[in-house]
Amino acid sequence: MQEPKPGLVVGKVYLIPTTLGDNAPLEVLPISVKGTIERIDHYIVENEKTARRFIKRISPNKPQPNLKLQPLNKYTNPAVIPSYLDPCIHGFDIGVLSEAGCPGIADPGSEVVRVAHEKRIQVVPLVGPSSILMAMMASGMNGQNFAFNGYLPIDLAERKNVLKQLERTSQEKGQSQIFMETPYRNNKLLKDLLKILHKSTRLCIACDISLPTEFIKTKSVHEWGEIEIDLDKRPTIYILQA
């Protein structure tokens with residue numbers, strides 16, 4: 001693993017947030033993100049096609065042939081990740097782009113950050129939208145004590161056990177429990193939540209955050225059972241508090 005030598009000018013790793021949907025980037029991102037993208041040519045990205053499209057939208061005049069993109073997703077061999085940071089050793093800054101929201105949060109970019117710290121390369125997080133934090137902000141639940149649990153199990157029996165445990169933990173600690181689902185499975189998850197959770201448990205459903213179709217409401221499980229809502233293929237964050 002290459003590390004910077006004393007006295008060398010070393011590049012930094014910039015964690016660059018992206019939009020949460022197909023809205024104009026500068027409606028939800030600060031101008032500093034545009035400035036950073038305009039001067040960086042080395043990127044680590046989840047998907048090259050969508051990353052190039054995002055870069056072009058936020059900086060239309062940036063020459064695409066100059067971009068050097070490295071993939072970081074579930075197919076990436078962990079052994080090659082340290083080499084992705086070699087441009088920093090040679091004085092170039094690197095940008096890390098998530099598919100949506102903030103790199104490193106529910107995102108493989110965290111592995112790049114870990115390696116950067118090991119290499120003693122400075123990591124710079126930029127301001128941008130996080131669906132997890134924005135949902136928590138708008139939920140009315142305990143923002144002093146909360147936990148993000150990622151994706152729930154697909155198997156119904158395992159899912160039931162996990163949800164019951166989250167509900168117990170929430171009640172015992174007063175802790176808000178945050179989780180998510182693959183968008184095309186949202187309606188199935190909602191049906192399971194209404195069957196498994198106690199009727200008095202509060203549930204926040206936050207979907208399409210920052211988009212014109214944004215929907216964020218907190219109700220009891222009993223109240224949700226009396227409402228028709230279609231969450232199919234809509235990025236959604238769920239928060240429960242018992």
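Ala, Val, Leu, Ile, Met, Phe, Trp, Tyr, Cys and Pro count as nonpolar, Asp, Glu, Lys and Arg as charged, and the others, Gly among them, as polar. The views below show a predicted model.

**View 1. Lining of the largest pocket.** With these classes, the lining of the largest pocket has 17 nonpolar, 7 polar and 5 charged residues. The volume of this pocket is about 640 Å³. Of its 29 lining residues, Ala-100, Ala-106, Ser-131, Tyr-151 and Met-180 lie nearest the centre. Helix α7 (131-139) and strands β6 (146-151) and β10 (236-241) each supply at least two residues of the lining. Strand β6 gives the largest share, 3 residues.

**View 2. The second largest pocket.** The space in the second largest pocket is about 320 Å³. It is lined by 14 residues, and the closest to its centre are Thr-19, Gly-21, Thr-50, Arg-53 and Glu-99. By class, this lining divides into 4 nonpolar, 6 polar and 4 charged residues.

**View 3. Strand β4 and its two pairings.** Strand β4 covers residues 94-97. It pairs in the parallel sense with strand β1 (residues 13-16) over 4 bridges. In this pairing, Val-13 has Ile-94 of β4 as its bridge partner. Strand β2 also pairs with β4 in the parallel sense, over 4 bridges. Here the bridge partner of Val-45 in β4 is Leu-97.

**View 4. The two faces of strand β4.** In a regular strand the side chains alternate between the two faces of the sheet. In β4, Ile-94 and Val-96 are on one side, and Gly-95 and Leu-97 are on the other. These four residues are all buried, and both faces of the strand are covered.

**View 5. The crossover from strand β2 to strand β3.** Strands β2 (residues 42-45) and β3 (residues 68-71) pair in the parallel sense over 4 bridges. Tyr-43 has Leu-69 as its bridge partner in β3. Between the two strands the chain passes through helix α3 (residues 48-58), and this β-α-β crossover is right-handed.

**View 6. The largest nonpolar core.** This core has 19 residues, and Leu-163, Phe-179, Leu-193, Leu-203 and Tyr-238 have the most contacts inside it. Two or more residues come from each of α8 (156-173), α9 (186-196), β8 (202-207), α10 (221-224) and β10. Helix α9 gives the largest share, 5 residues. Strand β10 also supplies at least two residues of the lining of the largest pocket.

**View 7. Arg-120, a loop residue with positive phi.** Arg-120 lies in the loop between α6 (109-118) and β5 (123-125). Its phi is near 60°, a positive value in a residue other than glycine. Arg-120 counts as exposed because its relative accessibility is 60%, and the cut-off for exposed is over 50%.

**View 8. Asp-208, a loop residue with positive phi.** Asp-208 is placed in the loop between β8 and β9 (215-220). Its phi is positive, about 50°, although Asp-208 is not a glycine. Asp-208 counts as buried because its relative accessibility is 7%, and buried means under 20%.

Terms used:
Residues numbered from 1 in each chain as written. Predicted model: local features only at pLDDT ≥ 70, side-chain atom pairs only at ≥ 80, totals over all residues. Heavy atoms only, no water. Pairing = 2+ DSSP bridges. Right-handed = clockwise from strand over helix to strand, strands pointing away. 1 Å grid on protein atoms, 1.4 Å probe; cavity = no way out; pocket = protein on both sides within 12 Å on 5 of 7 lines; lining within 4 Å. Points joined across faces, edges and corners; volume = space filled by probe spheres on them. Core = buried A, V, L, I, M, F, W, Y, C linked by side-chain atoms within 4.5 Å. Buried < 20%, exposed > 50% of the residue type's maximum accessible area, 1.4 Å probe, protein only.
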